[in-house]
Amino acid sequence: MKIKLASEDINSVRIRHLERISGEDLKKCYQCGNCSGGCPVSFEMDIAPSQVMRFLQLGRIEEVMKANSMRLCVGCLQCYSRCPKGCSVAAILEGLRQTTLRKGEDFEKIKEIPIPFLQKAPQQAIVCGFRKFVS
Ligand code: SF4
Ligand code: SF4
C-alpha cells in the first residue's frame, strides 16, 4: 500500500496540539518497539503502541484516531517504564482520548452499561473507565 506523506500533515496543528496536551515529543521515539513488546493489550490493538508513535511522527493522526488502540489502553504505563527514550505512549493515547471527548464525542453509551455488570467489574476497570470516559 502506498502512503503519501506531506510536510503539512507531519507539522499539522493537530499533531502539535497533541504534543502540547500530552507533554510528549514524538520525535524522541526511535522505534525500538519496547513499548509494544511490554504492552499487555497490544495483541488486540489495530495499531500497536510503537506504531502509534510512528504513525503520529508521519502525521497520520486520522488512522490512529480510527484505530481501537486508545480505547484498549488500560493505562498501566508499561510502555513508559520500558521506553529508553522516556516517551509515554500512554500519555499520547490519553491525549487522543481527551481530544475525542473535548469534541463532544463519546466512546461508549455509559448509561447503557448494565448495573449488574458494573457491580461485578473489578476496581481497575472502574478506575480505567472513569479516566477514559469522563472529561
Ligand atoms: S499504558 Fe496503554 S499503551 Fe502503554 S503499555 Fe499500558 S496498555 Fe499498553
Ligand atoms: S519504547 Fe519508546 S522509543 Fe521505543 S518504540 Fe516505544 S515509544 Fe518509541
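Reader: Why is Leu77 called partly exposed?

Author: This is a predicted model, and in it Leu77 has a relative accessible area of 41%. A buried residue would be under 20% and an exposed one over 50%. Since 41% lies in between, Leu77 is partly exposed.

Reader: Where does Leu77 sit, and what makes its phi worth a remark?

Author: Leu77 belongs to the loop between α6 (69-72) and α7. Its phi is positive, about 70°, although Leu77 is not a glycine. Most residues other than glycine have a negative phi.

Reader: Which other residue has a positive phi without being a glycine?

Author: Gln31 is one, with phi near 65°. Gln31 lies in the loop between α2 and α3.

Reader: How do you know whether Gln31 is buried, partly exposed or exposed?

Author: Its relative accessible area is 33%. That value falls between the 20% and 50% limits, so Gln31 counts as partly exposed.

Reader: You keep naming helices. How many helices and strands does the protein have?

Author: There are 10 helices and 0 strands. Buried residues make up 39% of the 135 residues.

Reader: How do two packed helices get described?

Author: By the angle between their axes and the distance between the axes. Take α2 (residues 13-22) and α8 (residues 89-102): their axes come within 9 Å and cross at roughly 110°.

Reader: What makes α2 roughly perpendicular to α8?

Author: Angles of 65 to 115 degrees count as roughly perpendicular. The crossing of roughly 110° falls in that range, so α2 is roughly perpendicular to α8. The crossing is right-handed.

Reader: Which residues make the contact between α2 and α8?

Author: Helix α2 contributes Leu18, Ile21 and Ser22, while α8 contributes Ala91, Ile92, Gly95, Leu96, Thr99 and Arg102. By class, this contact has 5 nonpolar, 3 polar and 1 charged residues.

Reader: Why is Ser22 called buried?

Author: Ser22 has a relative accessibility of 14%. Ser22 is part of helix α2.

Reader: Which residues does Ser22 touch, leaving out those up to four places away in sequence?

Author: Ser22 touches Ala91 and Ile92. The C-alpha atoms of Ser22 and Ala91 are separated by 5.3 Å, although these residues are 69 residues apart along the chain.

Reader: How do α4 and α8 meet, and at what angle?

Author: Their axes come within 10 Å and cross at roughly 65°. The crossing of α4 and α8 is left-handed. Pro49, Val52, Met53 and Leu56 in α4 meet Val89, Ile92 and Leu93 in α8.

Reader: What classes do the residues of the contact of α4 with α8 fall into?

Author: The division is 7 nonpolar, no polar and no charged. Pro, Val, Met, Leu and Ile count as nonpolar.

Reader: Is Ser36 buried or exposed, and how do you know?

Author: Ser36 has a relative accessible area of 15%, which is under the 20% limit, so Ser36 is buried. Ser36 lies in helix α3. Not counting residues up to four places away in sequence, Ser36 touches Ser42, Ala48, Pro49, Ser50 and Gln51.

Reader: And what makes Asp25 partly exposed?

Author: Asp25 has 29% relative accessibility. That is between 20% and 50%, so Asp25 counts as partly exposed. Asp25 is found in the loop between α2 and α3.

Key. Residues are numbered from 1 along each chain as its sequence is written. Chains are lettered from A and ligands numbered from 1 in the order in which they are written. This is a predicted model: local features need pLDDT of at least 70, side-chain atom pairs count only at pLDDT 80 or more; totals for chains, interfaces and linings use all residues. Side-chain values use heavy atoms; hydrogens and water are left out. Axes are lines fitted to C-alpha atoms, for helices over the stretch in contact, and angles run from 0 to 180 degrees between N-to-C directions. Helices (H or I, at least four residues) and strands (E, at least two) are DSSP runs, numbered from the N terminus. Angles under 35 degrees count as roughly parallel, over 145 as roughly antiparallel, 65 to 115 as roughly perpendicular and the rest as oblique. A crossing is left-handed if the near helix is turned anticlockwise from the far one by less than a right angle, and right-handed if clockwise. Contact means heavy atoms within 4.5 Å. Buried means under 20% relative accessible area, exposed over 50%, partly exposed in between (1.4 Å probe, protein chains only).
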